[in-house]
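Try each task before you read its solution.

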Amino acid sequence: MSYRDTVGAGSPSSLPALRRRHFVLGAAAGTASAAAAWHASSHAAAPPGAVEHPVPADPSKEQGIALPDEGYGSRSQFESEVRTRYKTSTPQSSWTFTPLQNGMGIITPSGLHFERSHAGTAIVDPNKHFLYLHGMVARPRKWSMRDLRRFPSVSRIMFIECSGNGLTEWAKPNLKTVQETHGLTSTSEWTGVPLATLLKEAGVRPGAKWILAEGADGAAMTRSIPFDKAMKDCLIAYGQNGEALRPEQGYPVRLIVPGYEGNTHIKWLRRLEVSDTPFMTREETSKYTDLLPNGKARQFSFEMEAKSVITSPSGAMVLQDKGFHEITGLAWSGRGRIKRVDVSVDGGKSWREAALQGPILPICHTRFRIPWEWDGKEAILQSRCVDETGYVQPTLGQLIAVRGGALNGPTGSIYHLNAIQSWRVASDGSVSNVHQY
């Protein structure tokens, strides 16, 4: 179905002329208000990542800022998107959320990519850092960063999602914004060496089934990775979005495990050990497992299942006027490409197919869009995606019925919440987080 097929009565071209003029005038008024707010804020301190400069009354009448002989680019002083930290008991073992509500396209700026650390951000000197590969190999290896960069490299655009993304939302709506409910996922272009290249260099012995990945941070984060996955598409990454990794993203080198939960993408990677059995580390026994109602636990639940969320309008936003609005959001799946996204404005009673914005890549955020004409009445906005394997994003009720959840008391899932998200638009235009089972 084409974008035009999905437009229906909500298309700007289908609006009566009066409504179109109202929309344009409203947009112009909004732009003027925003400009006034920006001008007023020019006297405030610049936000992180920006440099404050005086704002001329008419920039066309003055020379601009001189280009430096050298430097590192900053963003506009009028842009203020930042990551926000969840208030855990210690800032070292914590996480920060990507501001999905303000994202454009699918790539997350490196400075806004979500963080999850268990012992703070490790500071590692790349000139003294080595990656070791040993265990069931014929030739144990030790590589410096210079050595790793000598191997043929590849670049791939992929998302990473923490398996705890949304863990506060199982029992009831706890957090207000999409940044807080879904902000532990981001997409970047990752550059590095295929792990398969290093394994072939070392000569893996027969019977190898698992690989232990270990980080150089204070938590010595370790996870077991299936050998077949390591050979298929894992990446030893030292680049992100065209430059070196940021320290909080694992500088100088990290593991990328496409489609797997974020905890397996070991940062500050220092050691790989090949074995015939999983290593049963803390992060795959007492943590990152789900105790089910029948007393058994889900373990090694690696793949991030298909998920989508409307990012605008979303929680804590306010629709200023009735009439045309664009509903947009992101969909992703650890199993491959997104095939389809449907959007509902009546809590799942009816659905319309949204347009998917290219590029549509495997294991990558995909942006979707659909026009909507709001009549000023209460609405429940939802999105539901389908990936190329045919997996359909479930409702919260369906997910709890299969895996349990916080509603089941001491048992149930806290990880891998990929249920349909609902946003309630009130008659006054305010948008809030609600549950629809």
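Two strands pair if DSSP finds at least two bridges between them, and strands (E, at least two residues) and helices (H or I, at least four) are DSSP runs numbered from the N terminus. The model is predicted, so local features need pLDDT of at least 70 and side-chain atom pairs count only at 80 or more, while totals for chains, interfaces and linings use all residues. Residues are numbered from 1 along each chain as its sequence is written, and side-chain values use heavy atoms, without hydrogens and water.

**Exercise 1.** Find the order of the five strands in the open sheet.

*Solution.* Start with β8 (residues 210-215), which pairs with β9 in the antiparallel sense over five bridges. Here Ile211 stands opposite Ile225 in β9.

**Exercise 2.** Work out which residues of helix α5 (residues 195-202) are buried.

*Solution.* Taking buried as under 20% relative accessible area (1.4 Å probe, protein chains only), you get Leu195, Ala196, Leu198, Leu199 and Ala202. Down the axis of α5, they fall within an arc of 160 degrees (directions from the axis to the C-beta atoms), so they line one face of the helix. After α5 comes Gly203, with a positive phi near 75 degrees.

**Exercise 3.** List contacts of Leu272 (heavy atoms within 4.5 Å).

*Solution.* Leave aside neighbours within four places in sequence; the partners then include Leu131, Leu195, Ile211 and Ile236.

Terms used:
Buried means under 20% relative accessible area, exposed over 50%, partly exposed in between (1.4 Å probe, protein chains only).
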